[in-house]
Amino acid sequence: METKTKITQRDIILWHLQNVGTLTRAQAMSEYGIVELPARIVELKKLGYNITSEKGHSINRFGKISFNIYSLAD
């Protein structure tokens with residue numbers, strides 16, 4: 001009998017951080033369908049991963065917005 005390993009959202013986020021680089025909530029939603037990126041980041045931090053965040057800023061039709069940009073620390 002073949003056993004299938006389920007790829008979790010945490011696995012996807014770690015892969016992205018290790019292979020692509022930074023990740024925002026908007027990217028996680030549009031590229032991977034991950035809606036609650038901050039919750040998954042907290043889980044990964046509890047598992048011992050050193051994930052940092054910095055503030056990003058952009059302008060949309062309503063004005064200036066702020067968002068977190070997550071990355072895996074060395």
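What follows is a set of questions on those labels, with answers.

Mentor: Keep in mind that this is a predicted model. The protein has 3 helices and 3 strands, and along the sequence they follow the pattern α-β-α-α-β-β.

Trainee: Why is the protein called more spread out than a compact globule?

Mentor: The globule rule gives 11 Å for 74 residues, and the radius of gyration here is 14 Å, well over that value, so the protein is more spread out than a compact globule. The C-alpha trace spans about 55 × 25 × 20 Å along its principal axes.

Trainee: Why is His 16 called buried?

Mentor: The cut-off for buried is under 20% relative accessible area. His 16 has 2% relative accessibility, so His 16 counts as buried. This residue is found in helix H1. Not counting residues up to four places away in sequence, His 16 touches Gly 21, Thr 22, Leu 23, Glu 31 and Tyr 32.

Trainee: Why is Phe 62 called exposed?

Mentor: The cut-off on that side is over 50%. Phe 62 is at 69% relative accessibility, and therefore counts as exposed. Phe 62 lies in the loop between E2 and E3. Its C-alpha atom is separated by 29 Å from that of Val 42, a residue 20 positions away along the chain.

Trainee: How do you know that the buried residues of H1 are on the same side of the helix?

Mentor: In H1, which covers residues 9-19, the buried residues are Ile 13, Leu 14, His 16 and Leu 17. They cover an arc of only 160 degrees around the axis, so they lie on the same side of H1. They pack against strand E1 (23-24), helix H2 (25-32), helix H3 (37-46), strand E2 (51-60) and strand E3 (63-72). H1 is followed by Gly 21, which has a positive phi, near 125 degrees.

Trainee: What makes H3 a helix with its buried residues on the same side?

Mentor: Leu 37, Arg 40, Ile 41 and Leu 44 are the buried residues of H3. Their arc around the axis is only 105 degrees, which means that they sit on the same side of H3. The cover over these buried residues includes H1, E1, H2, E2 and E3. Just after H3 comes Gly 48, with a positive phi of about 105 degrees.

Trainee: What makes a set of residues here a nonpolar core, and which residues form the largest one?

Mentor: The members must be buried, of the listed nonpolar residue types, and joined through side-chain atoms within 4.5 Å. The largest such core has 11 residues: Ile 13, Leu 14, Leu 17, Leu 23, Ala 28, Ile 34, Leu 37, Ile 41, Leu 44, Ile 51 and Tyr 70. H1 and H3 are the elements that give two or more residues to this core. In soluble globular proteins, nonpolar side chains tend to be buried together. As for Ala 28, its contacts beyond four places in sequence are Leu 23, Gly 33, Ile 34 and Leu 37.

Trainee: How do you know that E1 is paired with E3?

Mentor: Pairing requires at least two bridges between the strands. E1 and E3 have 2 bridges, in the antiparallel sense, so the pair meets the requirement of at least two. Leu 23 has Tyr 70 of E3 as its bridge partner.

Trainee: Why are E1 and E2 called edge strands?

Mentor: The open sheet of 3 strands has the order E1-E3-E2, with antiparallel pairing. E1 and E2 each pair on one side only, and that makes them the edge strands.

Trainee: What share of the contacts with a separation of 6 or more comes from residues 24 or more positions apart?

Mentor: Such residues account for 37% of those contacts.

Technical notes. Residues are numbered from 1 along each chain as its sequence is written. This is a predicted model: local features need pLDDT of at least 70, side-chain atom pairs count only at pLDDT 80 or more; totals for chains, interfaces and linings use all residues. Side-chain values use heavy atoms; hydrogens and water are left out. Buried means under 20% relative accessible area, exposed over 50%, partly exposed in between (1.4 Å probe, protein chains only). Helices (H or I, at least four residues) and strands (E, at least two) are DSSP runs, numbered from the N terminus. The arc is that of the directions from the helix axis to the C-beta atoms. Contact means heavy atoms within 4.5 Å. The radius of gyration is taken over C-alpha atoms; the globule rule is 2.2 Å times the number of residues to the power 0.38.
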